[in-house]
Amino acid sequence: TIYDEKRDDDQVKVALRLKKSSVLGDGWVINCEKEEIKDFIQKNLENVGIQMALESAWDEVLADILNAFDYGFTLSEPIFKSPAQSKISKWELKSVKVRPPHSFLFHLDPDGTVKDIEQYVSLGPSRHIDPDYLIHYCNDPEFGSPYGTSDLRAAHPAWKAKKFIFKMAMRYAERFAGPTAIGRYTPSMGTGEVDRLFTALRSIQDNTTLVVPEEAKIELLENKKDSSSIYESILNMLNMWIARAILVPDLLGVSGERSNEGSRSLGQEQFKVFLQMIEKDRKILAQKINLKL
């Protein structure tokens, strides 16, 4: 649920979307020596979900699988048409259901192999699923853990601090957006007159016309030191840390930090490293699809 909340953050969303789009941006191709097989598989994948209401198309399925960047892993269930259901009397891929990772529990053998996948459901007993039926995409599986490692784990300290700083910045804006009104009264003014003056001052935020005694003096006290730039610089810094935790380079233009002069060559080098990491993710995704489908 914490990861769910993090995904609503503007910096997290743009960094993850950039990373996923970079993995899938060049599209996909089917490599096969026999043209008949190649055409059959390509047409099948292009038609996945197209003829069914509320089903994901193949490109949407691939993007959904990459939500492993967010949660550490995803599990997807391929649904096939049997030759009896197919118009061409062949096995076909009907759809792919990418399941939310929240409800899954992996059961391991002593050697660390996944022997059973348990899914908790809202009503009734939990389901037990054969691991061979599912496409398991794992992000950074440290020590073979089937749960993987979410990119958002490293971003947690910066995201938590950003939430706090954002609240402070909004309080600052509310408090110092307008000047503080000060009313000065003379010792000769009675309690009722002071109360009326105080009431008039409290309504200054909503009303621009005031009626006060002639001897009363009103001043608008403005904050001479503008601290808004401090909040802006801290938020930019935290955005940069979040993007960096998701492995998006600082100078790629999505972290909110201003680039300094002479940083173009450094940005190009960072982009090369970024593409190398993206290429690794592409190979892993292609391998999972090839092995399971």
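A nonpolar surface patch, as used here, joins nonpolar side chains within 5 Å of one another, taken from residues that have over 30% relative accessible area and no salt bridge. The model on screen is predicted.

**Start with the patch.** Select Phe-80, Trp-91 and Leu-293, which make a nonpolar surface patch of about 330 Å². Trp-91 sits in the loop between β1 (73-81) and β2 (92-99). Its relative accessibility is 56%, so Trp-91 counts as exposed.

**Zoom out to the whole chain.** A cartoon view shows 10 helices and eight strands. Of the 293 residues in the protein, 33% are buried. The protein exposes about 19,400 Å², and carbon and sulfur atoms supply 53% of that area. Among contacts with a separation of 6 or more, 61% are between residues 24 or more positions apart.

**Select residues 191-202.** This is helix α8, with 12 residues. From its first C-alpha to its last, α8 reaches 17 Å, close to the 16 Å expected at 1.5 Å a residue. Color Leu-197, Ala-200 and Leu-201, the buried residues of α8. Looking down the axis of α8, these buried residues fall within an arc of 100°, so they line one face of the helix. An α-helix has 3.6 residues a turn, so residues three or four places apart point the same way. Now turn to the other side of α8, where Thr-191, Arg-196, Thr-199 and Arg-202 are exposed.

**Move to Trp-28.** Find Trp-28 in the loop between α2 (10-24) and α3 (35-46). Trp-28 has 27% relative accessibility and counts as partly exposed. Show its surroundings: leaving aside residues up to four places away in sequence, Trp-28 touches Gln-42, Leu-45, Glu-46, Trp-58, Asp-59 and Leu-62. Asp-59 is 31 residues from Trp-28 along the chain, and the C-alpha atoms of the two are separated by 9.1 Å.

**Next, Asn-67.** This residue is in the loop between α4 (58-65) and α5 (68-71). Is Asn-67 buried or exposed? With 13% relative accessibility, Asn-67 counts as buried. Beyond residues up to four places away in sequence, Asn-67 touches Arg-7, Lys-20 and Thr-74.

**Finish with the salt bridges.** The count of salt bridges comes to 12.

- Select Glu-5 and Lys-163, whose side chains meet in a salt bridge at 2.9 Å, N to O. Glu-5 lies in helix α1 (residues 2-6) and Lys-163 in helix α7 (residues 156-176), so the pair ties together parts that are 158 residues apart in sequence. Glu-5 is partly exposed, at 39% relative accessible area, and Lys-163 is partly exposed at 33%.
- Select Arg-282 and Asp-26, which form a salt bridge with the closest N and O atoms 3.3 Å apart. Arg-282 belongs to helix α10 (residues 264-292) and Asp-26 to the loop between α2 and α3, so this pair ties together parts that are 256 residues apart in sequence. Arg-282 is partly exposed at 24% relative accessibility, whereas Asp-26 is exposed at 66%.
- Select Lys-280 and Asp-281, whose side chains meet in a salt bridge at 3.9 Å, N to O. Lys-280 counts as partly exposed at 41% relative accessibility, while Asp-281 counts as buried at 5%.

Note on methods
Residues are numbered from 1 along each chain as its sequence is written. This is a predicted model: local features need pLDDT of at least 70, side-chain atom pairs count only at pLDDT 80 or more; totals for chains, interfaces and linings use all residues. Side-chain values use heavy atoms; hydrogens and water are left out. Helices (H or I, at least four residues) and strands (E, at least two) are DSSP runs, numbered from the N terminus. The expected span of a helix is 1.5 Å times one less than its number of residues. Buried means under 20% relative accessible area, exposed over 50%, partly exposed in between (1.4 Å probe, protein chains only). The arc is that of the directions from the helix axis to the C-beta atoms. Patches are made of residues with over 30% relative accessible area and no salt bridge: like charges are joined within 9 Å, nonpolar side chains (Val, Leu, Ile, Met, Phe, Trp, Tyr) within 5 Å. Accessible areas come from the Shrake-Rupley method with a 1.4 Å probe; for residues, only the protein chains shown count as cover. A salt bridge is a side-chain nitrogen of Lys or Arg within 4 Å of a carboxyl oxygen of Asp or Glu. Contact means heavy atoms within 4.5 Å.
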